[in-house]
Each structure stands twice: as C-alpha cells, then as structure tokens.
Amino acid sequence: MTQFIFNGDKGLRVDTCYKSTEGLALFDFAKNHSTFAGKAGEIYYLPSMEGQGQYLLGLGDRDKLDLEALRKASFNLARAAKDNKTATLHLNLNDFELDGLKEEAVLEALMEGFLQAEYKFSRKSDMAKDEDDSKEQDVELEIAFLNNLDEAAFGKTERRIRNLIDGIFLARNLVNQTSNEMYPEVLADKVKEVFQDLPVEVRILDEHEIQDLGMEAFYSVAKGSDRPPRFIIMEYDGGEEGQEKTALVGKGLTYDSGGYCIKSARGMSTMHCDMGGAGTVIGTLLALAKNQVPVNVVAVVAACENLISGSSYKTGDIIGSLSGKTIEVGNTDAEGRLTLADAVYFATDTLKADRLIDLATLTGAVVAALSDEYTGAITNDEAYFEGLQEVAKTEGEKIWLLPNDENLAKKNRDTKVADVLNSTSGGAGTITAGQFVGEFLAREVPWIHLDIAGTAYGDRAKGYVPERATGVLV
C-alpha cells in the first residue's frame with residue numbers, strides 16, 4: 001500500500017532536477033558517476049550505510065513538463081522506491097511547480113502516478129511465483145509531502161484520486177479476468193456487488209427480457225453460447241433533476257471467437273479483452289459515484305459471448321433490431337456493432353439520454369491506422385468532441401478524430417435485402433463501423449464513438465499503463 005502524509009518531514013529526501021539544472025551537488029555527482037542526465041522520469045538513487053540515502057528525480061526540459069510527465073515520473077519513483085525497499089520518501093511539492101497549474105492539479109498528478117504503481121494482475125500459484133514476483137510484497141511506501149495546501153484540501157485531493165484509481169483498477173480487473181471466470185452472469189453480479197452501497201441504481205435484464213424487448217441484434221450474437229446474455233443498466237443521478245443526462249455505452253463481449261467467421265488461435269487468445277468498453281464505463285461510473293460528481297450518467301452494457309453452435313447466427317442472415325431496422329449479416333466477427341446497435345438505441349430511446357459516448361474494442365482497422373497509441377473517434381458534434389479532447393490531453397489520453405463522411409456511411413447501406421449491412425469492404429473500416437453504430441441513435445443527440453481496440457489491451461507495459469488491460473479513458 002502507498003500512504004500519503006500531510007506536511008511530513010521524514011524519509012529519504014527526493015531532489016528534483018531538469019536537464020539544465022546547475023549547482024545541485026547530487027545532480028553533478030550523478031552525471032559524473034552514471035548515465036543520469038535529468039531526463040523526464042529518470043531516477044538516480046544514492047544509498048548510504050547510515051540509511052540516509054537520497055533520490056534524484058529527473059523532470060526533463062522545463063518548458064515541456066506537464067501533468068502527464070509528472071504522473072510518469074512519480075510512477076517511476078514509486079517503482080524505484082519499492083525495488084530498493086525504501087519505506088518512506090520525502091518530497092517538497094514546491095519542487096514540482098508548473099506554470100499556470102494549480103498546486104492541487106500537480107498533487108493529483110503525483111498521487112496518481114504513485115498509486116498506479118500498486119497495480120498488478122497475476123493468476124500464478126504460490127509455488128510458481130519466482131523472486132521477481134514477490135520481492136516488493138513487504139514494502140509499504142509512505143509519501144511524505146511538504147506543501148502549501150491546508151490539511152483539508154490535501155485530504156480531499158487524496159480521496160478524489162484514490163476513487164479515480166479504484167475506477168481504473170476495477171476496469172482493468174474486469175477485463176483481465178479470462179472468459180472461463182468472467183462471463184455475462186458473473187459480470188452482472190459483479191456490477192451489483194460494486195454498486196450495492198453507492199447511489200447507483202442497477203438493473204439486469206436476462207435473456208428472456210432481452211428477447212421480449214425486441215433486442216434481436218444483440219440476442220443474435222449471444223444465442224450461440226450456452227452462457228446466457230445479460231443487459232446491464234446502471235443509473236447515477238448525481239446532478240439536479242432535469243439536468244442533462246449522459247449515456248456511456250460499453251461493448252461487453254466477454255469472449256469473441258468470431259463466430260462462424262472464426263478467428264485464428266492467436267487472434268482468439270486475448271478475446272476476453274473484447275469487453276474493454278464495458279470495463280471502462282463501469283470503472284468510470286464507480287469513480288463518479290465515489291467522488292459524488294454532480295452529473296447524471298447512465299451506463300449500459302450488452303454482455304454476451306460470440307461462440308459457435310447450432311444456434312449461432314450466420315453470414316447471410318437477415319436480423320431485426322430494437323430500433324426496427326433490419327440488418328444483413330456479412331460477417332459474424334463484426335458482432336460488436338450489433339450489440340451496440342440495440343444498446344445505443346435503448347439508451348437514447350428508453351433512457352432518454354441527451355448525449356452519448358460509446359466505447360468499443362471494435363476494429364482491427366484502428367490498430368492498423370493508429371497502433372496502440374491512439375483511440376480512434378468519430379462524432380456528429382465536433383464541439384462535443386472538442387470538450388472531450390481537451391480533458392483527454394490533460395489526462396494523458398490520446399484520441400484521434402476521424403472523418404464522419406457521408407459517402408463512407410453509405411457503405412453500411414449497400415444491401416439489397418435489409419436496411420443496413422454489418423460489414424463493409426474497401427477500407428475505412430474503423431469509420432464505417434462507428435457510423436453503423438450511429439445509425440441506431442433513436443434521436444439526433446450529440447454522440448462520440450471511441451474505438452479502443454488498440455488502446456484497451458496491450459502486450460507490454462508502457463510507463464504506468466500495465467501489460468494486458470489498461471483501463472483506457474476512465
């Protein structure tokens with residue numbers, strides 16, 4: 001556990017430096033006796049036999065330092081402290097001053113970085129754990145801050161960041177669990193458990209209710225599995241009555257084999273992560289509710305598995321949807337947009353959402369275009385997107401807006417036997433997939449589609465973002 005101490009004065013001192021710092025004795029020593037150069041997030045540790053060692057934390061170029069750099073730097077410092085079995089660090093918050101940013105924002109970034117170092121997911125048995133797995137288990141790190149905030153403000157900031165981290169870690173844990181343990185019924189039960197003591201109303205629709213409502217698109221994907229689907233609705237009314245209601249819709253494929261358009265063995269091996277959108281919206285709602293944010297938000301997840309059986313849907317099928325539109329199935333591995341179609345319609349029709357964001361690990365095309373660095377986006381309201389983009393940059397999230405071009409949208413309607421087709425050809429697959437989802441808005445409300453196929457799950461750690469599930473965009 002990492003603990004934060006208000007205006008503490010004990011522990012190993014942490015000095016900070018920029019690449020251009022002059023006159024700091026430890027910096028000069030580090031440069032002369034190691035490869036340390038003061039780069040952002042670089043750590044130099046000078047131990048002593050008396051236990052009064054010292055850390056030097058590089059901050060890079062002064063004019064390039066921002067909140068994201070501070071998160072990464074504090075994460076690196078926490079990892080170094082644990083590796084060196086340092087129990088307490090002493091920092092002066094004034095050393096991290098940034099032009100134009102409030103002290104609370106700097107403290108938030110530092111706290112988040114330290115807490116990110118706590119995350120670990122492993123299902124290794126005790127007998128299989130090696131020295132690297134257990135070497136830091138006994139280290140409880142205390143961060144003693146010296147700062148100008150009063151104790152009440154310090155405590156409020158700490159609670160807010162811990163609640164945010166709880167949401168991020170929840171998202172990661174949900175997505176990291178493999179499909180033999182995490183399937184629709186389990187996910188629904190977990191949601192009820194998470195929100196049982198919070199002001200969030202949870203409703204779960206079973207397979208019979210899903211069919212009775214007319215969610216044929218969603219159920220068509222789900223019916224090939226022996227494990228029944230669940231439609232999960234979470235409502236948080238933290239704002240005033242009548243205040244704008246935002247819907248968050250997360251793709252909830254707890255496993256995706258591709259159906260009869262089956263994936264390769266390698267392609268299927270990580271497909272428990274196809275519920276990355278669901279993890280993000282559930283984690284987001286947890287952070288909102290725990291922090292009592294004054295907004296009205298509903299989160300919706302259509303949870304199911306896409307598997308092969310005699311009951312599975314097939315290419316060439318013509319299926320209905322909650323909206324009444326008919327869909328020609330061109331590819332059973334383009335299943336996520338079918339589940340989102342009914343979820344998005346439900347959110348904007350039954351739940352009367354005033355604006356909507358959907359998140360989905362939807363296309364391989366977004367990975368081809370943007371790798372694992374950027375989330376791809378399309379929108380029908382650029383002003384709405386600009387608000388999201390502004391916050392995303394502050395939080396270190398990368399989003400790239402793609403064109404919502406009508407000529408591309410026509411590809412989804414290139415069918416002679418139904419209203420829309422669930423798979424297109426000729427490129428721009430990320431755009432047309434998102435536009436397919438947009439076809440199912442019940443009303444013309446501001447809408448953003450976020451394709452997180454490249455950013456929700458990774459095969460390597462990147463700074464404080466771990467290997468496997470990332471908790472992207474919480």
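This is a predicted model: local features need pLDDT of at least 70, side-chain atom pairs count only at pLDDT 80 or more; totals for chains, interfaces and linings use all residues.
1. As for handedness, α3 passes α5 in a right-handed crossing.

2. Helix α15 is worth a look next. This helix spans residues 429-438 and is mostly covered, with nine of its 10 residues buried. The buried ones are T430, I431, T432, A433, G434, Q435, F436, V437 and G438.

3. The E439 side chain meets that of R413 in a salt bridge, at 2.9 Å from N to O.

4. R413 has another partner to inspect. Its side chain also meets E406 in a salt bridge, with an N to O distance of 2.9 Å. R413 counts as partly exposed because its relative accessibility is 36%, and E406 is likewise partly exposed, with a relative accessible area of 43%.

5. On salt bridges as a whole, the structure holds 32. A network of them links D372, E373, K398, D459, R460 and K462. Elsewhere, D317 forms a salt bridge with K314, and the closest N and O atoms of that pair are 3.8 Å apart. K314 counts as partly exposed, at 42% relative accessibility.

6. Which residues form a nonpolar patch on the surface? They are Y260, I262 and I308, and together they have about 290 Å² of accessible area. I308 lies in the loop between β10 (296-306) and β11 (318-319). At 37% relative accessibility, I308 counts as partly exposed.

7. Two residues deserve a glance at their backbone. Most residues other than glycine have a negative phi. R468, however, has a phi near 75°, a positive value in a residue other than glycine. L473 also has a positive phi, of about 70°, although L473 is not a glycine. R468 is found in strand β19 (residues 468-469), while L473 lies in the segment after β19.

8. Are R468 and L473 buried or partly exposed? R468 is partly exposed, with a relative accessible area of 25%. L473 is buried, with a relative accessible area of 17%. The reasoning rests on a cut-off: buried means under 20% relative accessible area.

9. Finally, a word on W400. This tryptophan has its place in strand β15 (residues 399-401), and W400 counts as partly exposed because its relative accessibility is 47%. Exposed would mean over 50%. If you are comparing positions along the chain, W400 and V194 are 206 residues apart in sequence. In space, their C-alpha atoms are 32 Å apart.

Definitions and conventions: Residues are numbered from 1 along each chain as its sequence is written. Side-chain values use heavy atoms; hydrogens and water are left out. Patches are made of residues with over 30% relative accessible area and no salt bridge: like charges are joined within 9 Å, nonpolar side chains (Val, Leu, Ile, Met, Phe, Trp, Tyr) within 5 Å. Accessible areas come from the Shrake-Rupley method with a 1.4 Å probe; for residues, only the protein chains shown count as cover. A salt bridge is a side-chain nitrogen of Lys or Arg within 4 Å of a carboxyl oxygen of Asp or Glu. Helices (H or I, at least four residues) and strands (E, at least two) are DSSP runs, numbered from the N terminus. Buried means under 20% relative accessible area, exposed over 50%, partly exposed in between (1.4 Å probe, protein chains only). A crossing is left-handed if the near helix is turned anticlockwise from the far one by less than a right angle, and right-handed if clockwise.
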